[in-house]
Amino acid sequence: MPDVRHSVCALDCPDCCSLLINVEDGKGSHLRGDPNHPVTRGFLCGKVARYLEREYSQDRLLYPQKRVGRKGEGKFERISWDEALDTIARNLAQVSAEHGTEAILPYSYAGTMGLLNGSGMDRRFFHRLGASRLDRTICSSAGGAGLTATLGLRYGTEPEQFRHSKLIIAWGASILATNVHLWPFIVEARRNGARLYTIDPVKNRTGQLADKHFAIFPGSDLALALGLMHVIIGEKLYDADYVASYTDGFDALRKRAAEYPPERVESLTGLDRQDIVALAREYATTRPAAIRLNYGVQRSDRGGTAVRAISALPALIGSWREVGGGLQLSTTQAFQLNRAGLEMAELQQRSPLGRPARIVNMAELGKALTELADPPVKALVVYNSNPAAIAPNQNLVLEGMQRDDLFTVVLEQFQNDTADYADILLPSTTFLEHTDLYLAYGHYYLQLARPALPSPGETRSNVEVFRALAGRMGFEDPCFRDSEDDMIRTLLRSEHPFLQGITLEQLDRDHSVRLNVAPPGQPFLPFANGGFGTPSGKCEFGAETLGYQPPVESRLGASELRSQFPLELISAKSHDSMNSTFGNRPWAQRETATLFMHESDAQTRGISNGDRVRIFNARGSCLSVADVNGTVRSGVVWSPSVRWSKLSPDARNINALTSDRLTDIGGGPTFYSCLVQVEKCGD
Ligand SMILES: Nc1nc2c(c(=O)[nH]1)N[C@H]1C(S)=C(S)[C@@H](COP(=O)(O)OP(=O)(O)OC[C@H]3O[C@@H](n4cnc5c(=O)[nH]c(N)nc54)[C@H](O)[C@@H]3O)O[C@H]1N2
Ligand SMILES: Nc1nc2c(c(=O)[nH]1)N[C@H]1C(S)=C(S)[C@@H](COP(=O)(O)OP(=O)(O)OC[C@H]3O[C@@H](n4cnc5c(=O)[nH]c(N)nc54)[C@H](O)[C@@H]3O)O[C@H]1N2
Ligand code: SF4
Ligand SMILES: [Mo]
């Protein structure tokens with residue numbers, strides 16, 4: 001009989017699944033979703049159902065190494081942990097002495113969602129060191145800022161409640177690829193008569209299964225939201241009572257929405273004016289109606305403001321009152337853990353700087369490595385991220401990473417694009433091998449995972465590495481001796497009612513605990529009676545700044561750019577990978593080396609299905625294979641992302657095209673506002 005252990009999927013996914021793993025003779029033999037978890041419900045996505053292949057892959061990094069070839073070449077030699085840590089400590093000390101501690105830049109994102117390994121000992125280490133602080137904007141900061149402006153709190157409808165909805169709008173949400181555990185609730189709702197609509201420039205698998213698909217122009221969602229408001233307010237379909245009690249700025253919103261009649265919105269969004277009117281009426285009159293907004297919408301110039309407007313819709317129609325109503329973009333802010341105690345920003349006072357360090361936006365890594373002065377970045381420490389593949393304006397990023405005077409440390413599980421640029425490369429554990437605590441961004445369960453499998457070779461967790469580095473740097477603060485359990489207890493030390501009574505012992509026993517967002521068994525209705533987290537305590541429409549302009553890089557944007565690069569590129573999430581994490585799997589390689597085109601765009605360029613194509617703009621180019629299958633309208637091309645550049649014939653991926661222009665609010669990247677041209681490659 002195998003030993004069955006619990007774990008938690010640490011990948012950057014809203015579902016944050018509860019896992020069961022069979023272990024026989026110390027080896028994992030089968031991984032599945034926990035059938036008792038209310039959201040996981042016994043199944044896993046295709047990516048992680050096969051995670052044990054990754055766990056036991058021949059290609060796992062198992063020992064510390066130092067680079068012996070050129071940067072980017074990928075030639076390394078095994079060294080001991082002592083040599084690795086001494087080299088790192090020596091270089092960080094030297095950079096600090098010569099250029100100041102802010103010349104050191106950490107670079108990390110959500111390779112693991114675990115709090116200890118993602119924002120625990122690492123943060124303490126860099127704060128004490130006085131390193132530049134990283135603004136972690138790469139994914140959701142524009143949407144986060146939008147949600148905060150309107151609702152004041154980054155949480156919303158529980159996934160379990162979607163089963164009660166009668167109309168579900170997936171708005172820039174690729175549910176079957178990126179949030180598959182919402183799907184069974186949608187299936188249940190549809191069995192009870194609900195309709196599913198998708199609003200997306202790409203008709204992906206979710207769009208193909210929807211009752212209706214709205215093929216919106218990229219980056220024009222703000223215009224659509226204002227158009228829906230125009231109809232809802234103009235036809236008096238709004239919930240006057242909810243609006244009067246719990247919202248702020250309705251009169252200004254009425255005036256703003258009046259500027260967006262269906263004809264105008266048709267020209268801005270590419271959607272039929274009758275469809276816009278019908279959608280508005282149906283949304284306002286179907287009870288309950290829920291919006292699953294995801295992050296696709298906010299990766300464009302006006303994306304943050306679009307989220308502001310879309311997240312105002314449920315207040316307008318009063319759907320926050322209903323089980324199965326409202327909206328979900330994120331649930332993270334319900335996890336009111338003691339993050340300050342975990343991260344210890346106050347350690348900066350004890351650094352040589354004696355003050356908070358400067359902030360560097362991770363979406364502008366290329367600029368940070370090539371243009372930043374006073375001081376320039378001289379040391380880069382990468383963990384939980386693969387910037388050589390995932391950061392925008394890739395050619396500039398690589399120009400920076402190529403610098404011989406840049407000392408680079410990479411903590412990784414696999415030899416990916418970024419690992420090739422390391423001076424010192426450290427082997428990391430997987431989430432099946434270390435302890436961590438997990439919040440979720442798509443549900444309300446807090447989860448604990450203990451190591452289910454032994455860590456192979458000489459791999460170490462991020463917590464262990466930064467603890468050891470603190471020792472090497474001579475940091476004697478007691479916090480660097482904290483165990484994983486100490487850190488979890490610190491996190492749980494919170495006054496917030498959502499966390500009351502939740503203990504490490506309970507988490508060890510139950511593995512997954514629902515936050516106290518509502519009494520057991522009862523639905524969480526966050527804004528049924530107001531309770532918004534804004535300064536006014538109301539849902540804030542902020543209509544003064546809701547005006548729409550098309551993205552610079554779009555069909556209605558800068559005309560000179562458009563004449564050279566007429567196609568709008570969307571590099572949204574792939575189905576079978578997780579950003580670049582599974583980029584070495586053959587089927588993920590195939591998927592991410594595909595460019596979907598409309599037949600007319602292919603024809604005018606002499607391109608047929610299966611042809612090799614070159615995608616290019618002023619920032620760079622990359623190779624792909626054309627698929628002319630009807631998922632996009634003319635003028636839009638779509639490439640599931642993100643490929644490992646090193647596995648592409650020209651050593652570049654789609655981020656050679658994307659821009660590091662920032663979003664309107666939140667300082668996020670504009671991955672999906674990107675103009676390109678496409679040509680057929682010679683044979
Ligand atoms: N399989 C898989 N799952 C993942 C990931 C992955 O790489 N693969 N990545 C994880 C991560 S890091 C994140 S942040 C989440 C993101 O999850 P999602 O936000 O669902 O993913 P995206 O693909 O970024 O965008 C969602 C949809 O928005 C559409 N879109 C793009 N531009 C626009 C626009 O201007 N307007 C509208 N209305 N739609 C637009 C895209 O075509 C896409 O279908 O997924 C996570 N889950
Ligand atoms: N063109 C384009 N670019 C994009 C996006 C897009 O949609 N289109 N999406 C953007 C978004 S939303 C995001 S979130 C970013 C994601 O970008 P990243 O955060 O860089 O995500 P991944 O590519 O998944 O890389 C995570 C890495 O962390 C490693 N890792 C996992 N667990 C651990 C651990 O415990 N310790 C250490 N040291 N390493 C670990 C994995 O092996 C993996 O290589 O990409 C962004 N880039
Ligand atoms: S990637 Fe998402 S859906 Fe897949 S197992 Fe992990 S949490 Fe679940
Ligand atoms: Mo993300």
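Which residues are around ligand 3? Select C9, C13, D15, C16, C17, L44, C45, K47, V48, H181 and M578, each with a heavy atom within 4 Å of the ligand. This is a predicted model in which local features need pLDDT of at least 70 and side-chain atom pairs count only at pLDDT 80 or more, while totals for chains, interfaces and linings use all residues. Residues are numbered from 1 along each chain as its sequence is written, chains are lettered from A and ligands numbered from 1 in the order in which they are written, and side-chain values use heavy atoms, without hydrogens and water.

Colour the ligand 3 shell by class: eight residues are nonpolar, one is polar and two are charged. Here Ala, Val, Leu, Ile, Met, Phe, Trp, Tyr, Cys and Pro count as nonpolar, Asp, Glu, Lys and Arg as charged, and the others, Gly among them, as polar.

Next, select strand β2, residues 18–24; strands are DSSP runs (E, at least two residues) numbered from the N terminus. Six of its seven residues are buried, so β2 is largely enclosed by the rest of the structure; buried means under 20% relative accessible area (1.4 Å probe, protein chains only).

D3 has V23 of β2 as its bridge partner.

Then show β3 (residues 27–33), also antiparallel to β2 over six bridges, where I21 is partnered by L31. The β2–β3 hairpin has two residues between its strands, and D25 in the turn has a positive phi of about 50°.

Finally, select G530, in the loop between β20 (512–514) and β21 (539–540). G530 is buried, at 3% relative accessible area.

Notes. Helices (H or I, at least four residues) and strands (E, at least two) are DSSP runs, numbered from the N terminus. Buried means under 20% relative accessible area, exposed over 50%, partly exposed in between (1.4 Å probe, protein chains only). Two strands pair if DSSP finds at least two bridges between them.
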